[in-house]
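Subject: Structure for your review

Dear colleague,

Please find the structure below, handed over for your work.

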Amino acid sequence: MSVDLVGFLGVVLVAYVVPGPDFLVVVSSATDHPAKGRAAALGAQSGLCVHMLAAAIGLSVLAARSPVIYDAIKLLGAAYLVHLGVRAVLAARRSARRRRAGHENPAHAQGFDAPPPAGDDMARSRWRSGFTQGFLTNVLNPKAALFFLSVLPQFVHGDGSPARQIFLLGILDVLIGVAYWFALVTIAARLRTLLARPKIRRRWEVTTGWLLIGIGIGIAAA
């Protein structure tokens, strides 16, 4: 079995570098906490595994050929991105109101990152939240399904099993993504000290929130 690995690697790297919904969710989670960022990254790649398996067994073909199924997935994904964006914007506004009311922690107001110690329950909650957001953002993205359905076959040769070749390329894609996201999480986590400042944190939340809303509306309208 032979596949065009060089061409495939080039396409995959470009796909990861260009910011999209996964990028925003992973970076936003990482600036909240590195562990949450890693969980979001693994969630996104788990969603990618769903698309890979669906493409390998032919379910993506059915979804792509059925406008109803495709549109349903597209609208669900768009709605989820808008939901995440609205949550981020509302959280920023609540934080601003608390600050104006004088209820914000003085240490936080001075720009010090002094969160309370995280117990096992908080760590598990953070992990679940990050993983769920990453997974749903990816698995409800019809463009990810179409990547495996229309782009991957371009690098598959006819002298072997297409399903096996798609599976091989998909696994490679997932592993590359894990390495890329974890490196991105490390970089984004370094912004936590800067984002500990209330005004900067709120601006970041508002910006990422509106970007998610914009991407969601764009997906729904496409």
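**Cavity and pocket**

The count comes to 1 cavity of 30 Å³ or more. On a 1 Å grid over the protein atoms alone, a cavity is a set of points where a 1.4 Å probe fits but cannot get out, whereas a pocket is an open set with protein on both sides within 12 Å along at least five of seven lines; lining residues have an atom within 4 Å of a point. Grid points are joined across faces, edges and corners, and a volume is the space filled by probe spheres set on the points.

Please note that this is a predicted model, in which local features need pLDDT of at least 70 and side-chain atom pairs count only at pLDDT 80 or more, while totals for chains, interfaces and linings use all residues. Residues are numbered from 1 along each chain as its sequence is written, and side-chain values use heavy atoms, with hydrogens and water left out.

The largest cavity holds about 50 Å³ of space. Its lining consists of 11 residues, and those nearest its centre are Gly77, Leu81, Thr137, Leu140 and Asn141. Helix H5 (67–100) and helix H7 (120–139) each supply at least two residues of this lining, and H5 gives the most, with 4 residues. Helices here are DSSP runs (H or I, at least four residues), numbered from the N terminus. By class, the lining of the largest cavity has 7 nonpolar, 3 polar and 1 charged residues; Ala, Val, Leu, Ile, Met, Phe, Trp, Tyr, Cys and Pro count as nonpolar, Asp, Glu, Lys and Arg as charged, and the others, Gly among them, as polar.

The second largest pocket contains about 530 Å³ of space. It is lined by 23 residues, of which Ala15, Tyr16, Val18, Asp22 and Asn141 are the closest to its centre. The largest share of that lining, 5 residues, comes from H1. The lining of the second largest pocket divides into 16 nonpolar, 4 polar and 3 charged residues.

**Helix packing**

Helix H2 (residues 21–32) packs against helix H9 (residues 162–189) at an angle of about 45 degrees, with the axes 8 Å apart. Axes are lines fitted to C-alpha atoms, for helices over the stretch in contact, and angles run from 0 to 180 degrees between N-to-C directions. That makes H2 oblique to H9: angles under 35 degrees count as roughly parallel, over 145 as roughly antiparallel, 65 to 115 as roughly perpendicular and the rest as oblique. The contact (heavy atoms within 4.5 Å) is made by Asp22, Phe23, Val26, Val27, Ala30 and Thr31 of H2 and by Tyr180, Trp181, Leu184, Val185, Ala188 and Ala189 of H9. In this contact of H2 with H9 there are 10 nonpolar, 1 polar and 1 charged residues.

The axes of H2 and H7 come within 9 Å and cross at roughly 175 degrees. H2 and H7 are therefore roughly antiparallel to each other. Here Pro21, Asp22, Val25 and Ser29 in H2 meet Gln133, Gly134, Thr137 and Asn138 in H7. The contact of H2 with H7 comprises 2 nonpolar, 5 polar and 1 charged residues.

Yours sincerely
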